[in-house]
Amino acid sequence: LEDHYSPSRWSPRLDRDTIIDAHLAVTAAGTERARAGAQTLLHVPYGSGDGEKLDIYFPPDPSETFPVLVYIHGGYWQCLSKDDSGFAAPPLVSRGVAVVAVGYDIAPKGHMDAMVLQVRRSLVFLAERYPRIRGIYLCGHSAGAHLAAMVLNTDWTEFQVVPEIKGAVLVSGLYDLEPILHTYVNDALNMSREVAQRNSPMRHITPAVPAACEVLVAVAQHDSPEFRRQSQEYSQALRAAGWSVSVLDLAGVDHFNIIEKLSEDSYVLTQVGRSSVPR
């Protein structure tokens with residue numbers, strides 16, 4: 001299990017000691033470029049907590065209505081941040097889509113229930129604060145894909161606002177947290193079995209309603225067998241519950257560059273994601 005839930009062990013590009021540093025460098029540089037080339041609002045508080053902030057990358061004419069892609073970063077719920085999460089903005093912003101990078105309190109400060117709640121509340125904030133938004137599209141990578149999937153089973157009645165979520169792109173995610181209890185990943189998360197089960201999207205799939213969003217589950221050729229299994233089983237379970245699901249198994253990429261390449265116009269996932277966010 002340690003091996004199968006260590007994404008850095010499965011890349012043929014770089015060894016496990018350098019691939020994380022390379023990923024941080026790529027996403028940080030891409031975010032810097034995105035901030036230089038777009039109209040932004042950074043560190044916008046959606047709540048009172050230190051980590052409860054988001055970065056907004058606006059399209060060239062934000063006076064019009066516009067769709068929003070909300071990006072939820074990975075990092076095994078214990079590293080990375082919104083500050084390195086704007087790299088995917090340029091190809092979308094240039095076509096009239098706003099991009100929002102969501103911050104949340106990572107472990108050990110944040111615990112799983114709180115992270116899920118924070119991401120849900122960030123969407124409520126966007127829906128209330130920006131009435132010009134025409135549809136919210138979620139994109140999450142790894143742990144962020146897990147958090148995005150948890151959004152899909154939200155009962156919005158307690159929030160008194162229902163964000164208009166029209167699509168979700170879940171990239172190299174985890175949808176059943178129970179195996180993680182038996183690995184080093186849980187050292188910082190300190191999840192009990194009850195917390196892991198409560199926050200496993202695979203265990204809480206709701207029947208699709210008529211207006212349910214389209215879901216794209218993407219997985220890398222060089223993701224570990226466990227990550228690939230979880231993506232396959234989660235997409236099958238969604239489909240069985242009536243959701244509209246597409247699966248994209250991307251050749252030639254690993255757990256890290258599957259998402260890094262979203263900064264490239266020509267990348268297949270960029271093109272698929274853009275086509276699913278209509279202007």
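User: Which residue of β7 does G167 stand opposite?

Analyst: G167 stands opposite E214 in β7, where strands (E, at least two residues) and helices (H or I, at least four residues) are DSSP runs numbered from the N terminus. This is a predicted model, in which local features need pLDDT of at least 70 and side-chain atom pairs count only at pLDDT 80 or more, while totals for chains, interfaces and linings use all residues. Residues are numbered from 1 along each chain as its sequence is written, and side-chain values use heavy atoms, with hydrogens and water left out.

User: In which sense do β6 and β7 run, and how many bridges join them?

Analyst: Two strands are said to pair if DSSP finds at least two bridges between them. Here β6 and β7 run parallel and are joined by 5 bridges, while β5 and β6 pair in the parallel sense over 6 bridges, with V171 in β6 as the bridge partner of H141.

User: What handedness does the unit of β5, α4 and β6 have?

Analyst: A crossover is right-handed if, with the strands pointing away from the viewer, the path from the first strand over the helix to the second runs clockwise. The β-α-β unit made by β5, α4 and β6 is right-handed.

User: Why is β6 described as largely enclosed?

Analyst: Buried means under 20% relative accessible area, exposed over 50%, and partly exposed in between, with a 1.4 Å probe and protein chains only. Because 6 of the 7 residues of β6 are buried, this strand is largely enclosed by the rest of the structure.

User: Which residues of α1 are buried, and which exposed residues lie on the face turned away from them?

Analyst: The buried residues of α1 are I19, H23, T27, G30, T31 and A34. Seen down the axis, they fall within an arc of 105°, so they line one face of the helix; the arc is that of the directions from the helix axis to the C-beta atoms. The face turned away carries the exposed residues D17, D21, E32, R33 and A36.

User: What does the buried side of α7 pack against?

Analyst: Contact means heavy atoms within 4.5 Å. The buried residues of α7 pack against α4 (143-152), β6 (165-171), β7 (214-222) and β8.
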